[in-house]
Amino acid sequence: MIIIKDISCLVTCAGEGKKSGGEMNDAGIIKNGYIVIKNNRIADVGMGGGYLKWKDNNPIVISGKGKTVTPGLVDPHTHLVYGGSREGELLLKLNNVSYIDILKSGGGILSTVESTRRASIEELVEVSMGRLNKMLQYGTTTVESKSGYGLSTEEELKLLKVNQILNNKSEVDVVSTFMGAHAVPNEYLNNREGYIDLIINDMIPRVKEGGYAEFIDCFCEKGVFSVEETRRILYAGRTNGLRLKLHGDEVEAIGGAELAGNMKCISAEHLIAASDEGIKSLAKNGVIAVLLPATAFYLMKGRYARARYMIDNGVSVALATDCNPGTCPTESMQTVMSFACFGMGMKPEEIINAMTINAAAAIGRECEIGSIEVGKKADIAIFNAKNLNYLIYHFGINAVEKVIKNGNIVISNV
Ligand code: IZC
Ligand code: ZN
């Protein structure tokens, strides 16, 4: 049994699952709180000395004095599994070469495809484990991981197999998304219809047959996959039992958010350029907006997704790193906290809901994780911050003191 007592700021994020609009500004904070953990689960949560009723011969007792304790952070959008890196694009970016132009000239995603195809399963497991360990050190206990740097049937399956191995090997839970529709690979540049056909008639059935993924995602963007192509690909995913996600309106508003609403996707992701109608469609259809403000910062356009407008219009907002080698090489959800606050104007309670319960809902896990409530998995982050505002205010450092995953202390920085 583990008891965390005298917690200065216990952020439970408790409630009826995902939070929308104004509900996001209540993170269920308890002052002078406690948590009791038994058999990998949360057995009790409360205030003051309520934990004293729990009897155990040899409990581990942790003091939460001066600390902020939150649910383990959930990162619901990453491109975790890749080979190589893209620091060579830094100077191109500084010379104003756009992200889509780098991709069109064979760089960007396609350069990572080359280095990922060259890497073996073992090599990919090793580098991705390194990233997962870093995530855990920064407080993340569950991660979604998209394929999308293979772009052939065998290579995409290779990445999804890496996800399975990582999920078994790592303390961090890894949720798998198939994203063969991340770009059109070089071999199909003059035959995009052939590539879409390969995704729909070969990759998706193989993903289903092997049980390799729960979700399907598609990069719906000008110069990548059109709204109509995205609709066809996602539809094929749905008929094969996959739940729908969509990368939309990252660079230009081409109707990605509208499509996500129309197809009732579980989430629409990026949305920097999403239109008013698109945002209203997300709210109306209960689609979670997964925002990636560290990517918006890294794209250097001075433009972020309109989180305030989304929240004011009743959308459920989640936050993620987008951890990838091109537009957001970071594992840190704490970095995302900073950009969510200082770039998008989100409030601390909104931010923490967005990276716990709403992030869990974006990957279909809100009944198991994402809040500190009796019966849920004991995934907990303890931060060296006297209150939630302090955690966001003191930026650019790793404030994690301890991480508890599945009821075990897996990170201890003091
Ligand atoms: O490798 O550039 N936006 N996909 C869509 C990415 C960024 C990852 C990359
Ligand atoms: Zn992405």
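Where is the place of His-270? The place of His-270 is in strand 11, which covers residues 267-270. Helices and strands here are DSSP runs (H or I over at least four residues for helices, E over at least two for strands), numbered from the N terminus. The model is a predicted one, with local features needing pLDDT of at least 70 and side-chain atom pairs counting only at pLDDT 80 or more, while totals for chains, interfaces and linings use all residues. As for bookkeeping, residues are numbered from 1 along each chain as its sequence is written, chains are lettered from A and ligands numbered from 1 in the order in which they are written, and side-chain values use heavy atoms, with hydrogens and water left out.

Back to strand 11 and what follows. His-270 has a phi near 85°, a positive value in a residue other than glycine. At 2% relative accessibility, His-270 counts as buried; the cut-offs are under 20% relative accessible area for buried, over 50% for exposed and anything in between for partly exposed, using a 1.4 Å probe and protein chains only. Leu-271 sits in the loop between strand 11 and helix 9 (276-284). Its phi is positive too, near 65°, and Leu-271 is not a glycine either. With a relative accessibility of 1%, Leu-271 counts as buried. Ser-267 is also part of strand 11, and its relative accessible area of 0% makes it buried. From Ser-267 to Ile-3 there are 264 residues along the chain, and the C-alpha atoms of the two are separated by 35 Å.

Next comes the metal. The zinc ion (ligand 2) is held between four protein donors: His-77 (NE2), His-79 (NE2), His-247 (NE2) and Asp-322 (OD), at 2.0 to 2.6 Å. Donors are N, O and S atoms within 2.8 Å of the metal (3.2 Å for Na, K and Ca), and because water is not among the atoms, sites may look incomplete. Along the chain, the donors of this zinc ion follow the spacing H-x1-H-x167-H-x74-D. The angles among the four donor atoms run from 76 to 164°, and the site is irregular. That label is a matter of cut-offs: four donors are tetrahedral if all angles lie between 85 and 135 degrees; four are square planar and six octahedral if opposite donors are over 155 degrees apart and all others between 65 and 115; anything else is irregular. Asp-75 and Gly-210 are 135 residues apart in sequence, with 25 Å between their C-alpha atoms.

How many residues does the largest nonpolar core have? It has 109, and those with the most contacts inside it are Leu-291, Leu-319 and Met-346. Helix 6 (residues 192-210) gives the most to this core, with eight residues. A nonpolar core here is a set of buried Ala, Val, Leu, Ile, Met, Phe, Trp, Tyr and Cys residues joined through side-chain atoms within 4.5 Å. In soluble globular proteins, nonpolar side chains tend to be buried together.

Helix 6 also turns up in the helix packing. Helix 6 and helix 7 (residues 227-239) pack at about 15°, with their axes 9 Å apart. That makes helix 6 roughly parallel to helix 7. Axes are lines fitted to C-alpha atoms, for helices over the stretch in contact, and angles run from 0 to 180 degrees between N-to-C directions. Angles under 35 degrees count as roughly parallel, over 145 as roughly antiparallel, 65 to 115 as roughly perpendicular and the rest as oblique. Helix 5 packs against helix 6 at about 30°, with axes 10 Å apart, so helix 5 and helix 6 are roughly parallel to each other. Helix 4 (residues 121-137) and helix 5 (residues 153-169) have axes that come within 10 Å and cross at roughly 50°, and are therefore oblique to each other.

Tyr-304, between helix 10 (293-299) and helix 11 (307-312), is partly exposed at 21%. Glu-252, between strand 10 (243-248) and helix 8 (256-262), is partly exposed at 36%.
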